[in-house]
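Colleague: I'm new to reading models like this one. Could you take me through a few features, step by step?

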Amino acid sequence: MNEALDHLTPIRFERASDGSIIVTSLAGEWALLSADQFDSLIENRVNDPSLRRELIQKQILTSGNPKFDRQLLATKLAYRYRGLPTMCGLHIFVVTLRCEHSCHYCQVSRRSSSKIEFDMPLDVADKAIDRVFESTSQNVKIEFQGGEPLLNLPLIEYVVTTASERAKRLNRQIDFVIASNLALLDDAAIDLARTYGIAFSTSIDGPPAIHNKARPRPGNDSFERAARGIQRIQSELGIDRVSAIMTTSINNFMSAREVIDTYCDLGLREVFLRQMSPFGFAARRRQFQKTRGKGWIDFYVDGLEYVIEINRRGIEMAELTAAAYLRKMLRNDIGGYVDLMSPTGAGLATLVYNYDGNVYMSDEGRMLKEMGDTTFCLGDVRENSFDQLLSKQQCIDSVADSFSWSATSCSTCALEPFCGSDPVYHQATQGSFAGYKPISDFCLRTKSIVPELMRLYKQDEFTQLLFEKWADL
Ligand code: SF4
């Protein structure tokens, strides 16, 4: 190292759009400095005692004891990656591809309600349960997806009862989630959810007119049915047993505040302002192109500011994209959100068991297969053990390419500790696992949202406490 910079540990830095400088340590601790403060850091003349103390505590400035600084930095870094050996806690069962909706941006290429050949057979379900318990995570979660999973409730019941009994026998913790549009929620589904503590995840894209336009179904009553389902789950099972996500489409693209008001009206405490994925029917309809880039960032930031404003009014609500970043920014943790993991969470944190027995590294990997790209298909659940699936070359290659410490652009990026690596997204949009970050919307998202979160966090005490709550601090 240049002798003049001996007072610094290895840092990365980046100028934010408002001129301030983001500085991060190797272990992912960060400071937001003015240009003058940054100059004083580089020139080793930080005179403000509280700033000096903060920079030393974060191993950005050395403490005068290089050995101690190095050891502390190494300990923090090792702690940050502590969860890696016991991953693959999320197992997605695609119990059917059938669906009675025909959403414009459907990402899984659903089939019509009558085509039962697209249901998961019992032998596939049995083998998938075997793989769940071969994974190393003590806490496992099974998420039922489709199509519309409630169209195959008997299989859900079979998996829930069988896996619960096995978890009990093996002393493993197990949770269940049904990702459903809730249009077909009935007494049987509620009873099963009550008995086994199953949670529901649904979709709300905005007020009735916007939601029903994006999610056509016979009767044009998707919103009304989802709202009734949410209300029923909240009153019969508990307010926290149902959550919803929204997908940005041309229908709701200009209306973040209207979307959030709808969530408030439904009594939901979380909103997930989510960009559309470039998969499935969405990609074919070119909707993805219309809702990407800087336009989506403006939509998102407006929505985020509105969520903060709502909290100031005394209404409790969290925004989950921000929460995923904040967990990485405020806790010494790589986070649990698959899209923001490095190395990738695809395969390491999650596996997807398709109705036909094929196993994918992530839900998006399954969607990519529906577009004809089988890159992320690891094999058949009936023929491969958990270890064999994760040892497939494409799994090893994509995990290796997803380690952002060694990726071009990412290795020198100050935001790397808060970002992730999404090989499935980059394969879909650019044809390679790592992708070329200067033209990546994934990269743009982090480069735009993280500095905004830092600015808001420093802005006032209310926002600081709110963000710490979202990060589960
Ligand atoms: S994807 Fe972009 S923001 Fe994320 S670490 Fe890489 S260069 Fe930085």
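Colleague: What should I know about the model and its numbering?

Modeller: This is a predicted model: local features need pLDDT of at least 70, side-chain atom pairs count only at pLDDT 80 or more, and totals for chains, interfaces and linings use all residues. Residues are numbered from 1 along each chain as its sequence is written.

Colleague: Which residues of helix H9 (residues 256–265) are buried?

Modeller: They are Ala256, Val259, Ile260, Thr262 and Tyr263. Looking down the axis of H9, you find these buried residues within an arc of 155°, so they line one face of the helix. The arc is taken from the directions from the helix axis to the C-beta atoms.

Colleague: What do the buried residues of H9 pack against?

Modeller: Strand S8 (242–247), strand S9 (270–271), strand S10 (273–274) and helix H12 (293–312). Contact here has a cut-off: the C-beta atoms of two residues, placed from the backbone, lie within 7 Å. Just after H9, glycine 267 takes a positive phi of about 75°.

Colleague: Is S8 mostly covered or mostly open?

Modeller: Mostly covered: five of its six residues are buried.

Colleague: How do I read strand pairing?

Modeller: Two strands pair if DSSP finds at least two bridges between them. Strand S7 (residues 199–203) and S8 pair in the parallel sense over four bridges, and threonine 202 has alanine 244 in S8 as its bridge partner. S8 and S10 are also parallel, over two bridges, with methionine 246 partnered by leucine 273 in S10.

Colleague: Which strands form the antiparallel open sheet?

Modeller: Three strands, in the order S1-S2-S3. Strand S1 (11–15) and strand S3 (30–33) are at the edges with a single partner strand each, so one side of each has no neighbour in the sheet. S1 and strand S2 (residues 21–25) pair over five bridges, and arginine 12 stands opposite threonine 24 in S2.

Technical notes. A residue is buried if 20 or more other C-beta atoms lie within 10 Å of its own, exposed if 12 or fewer, and partly exposed in between; C-beta atoms are placed from the backbone.
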